[in-house]
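Thanks for coming. Please have a look at the structure on the screen, and I will talk through a few of its contacts.

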Amino acid sequence: MSINEMEAKARELRQLQALIDEAQAEAEALKDAIKAAMGDSESIQAGEYKITWKAVTSSRIDTAALKKALPDVAERFTKETTVRRFTVA
């Protein structure tokens, strides 16, 4: 692929990403409006759509506290991974 072709693809990618970002912002605004209308209700039927907004509780390990309290244990169970990050600036 030539530099000109790569530049064109990068430009197209940036434009598509901007469209995606705009669509995601619009979707979040719609979600916020629906949540505001629901108030404290966990579930509502809106025509053919059943909309739910429920609290979900999860448990996670506080790795910062674990490293502070038991650094040797935290180190033994820490797994290092390597990824390649793709960016277009």
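Glu 28 is partly exposed, because its relative accessible area of 39% falls between the cut-offs of 20% and 50%. Keep in mind that this is a predicted model.

What does Glu 28 form with Lys 31? The two residues make a salt bridge, and their closest N and O atoms are 3.4 Å apart. Lys 31 is partly exposed as well, at 43% relative accessibility. Both residues sit in helix 1, three positions apart, which puts about one helical turn between them.

How many salt bridges does the structure hold? There are two. The other pair to look at is Arg 11 with Glu 7, where the closest N and O atoms are 3.2 Å apart. Arg 11 and Glu 7 are also in helix 1, which covers residues 3-38. Here the spacing is four residues, again about one turn of the helix.

Now to the strands. Strand 1 runs over residues 43-46 and strand 2 over residues 49-52. In which sense do they pair? They are antiparallel, with four bridges between them. Ala 46 has Tyr 49, in strand 2, as its bridge partner. The two strands make a hairpin with two residues between them, and in that hairpin Gly 47 has a positive phi near 65°.

On strands in general, side chains in a regular strand alternate between the two faces of the sheet.

Technical notes. Residues are numbered from 1 along each chain as its sequence is written. This is a predicted model: local features need pLDDT of at least 70, side-chain atom pairs count only at pLDDT 80 or more; totals for chains, interfaces and linings use all residues. Side-chain values use heavy atoms; hydrogens and water are left out. A salt bridge is a side-chain nitrogen of Lys or Arg within 4 Å of a carboxyl oxygen of Asp or Glu. Buried means under 20% relative accessible area, exposed over 50%, partly exposed in between (1.4 Å probe, protein chains only). Two strands pair if DSSP finds at least two bridges between them.
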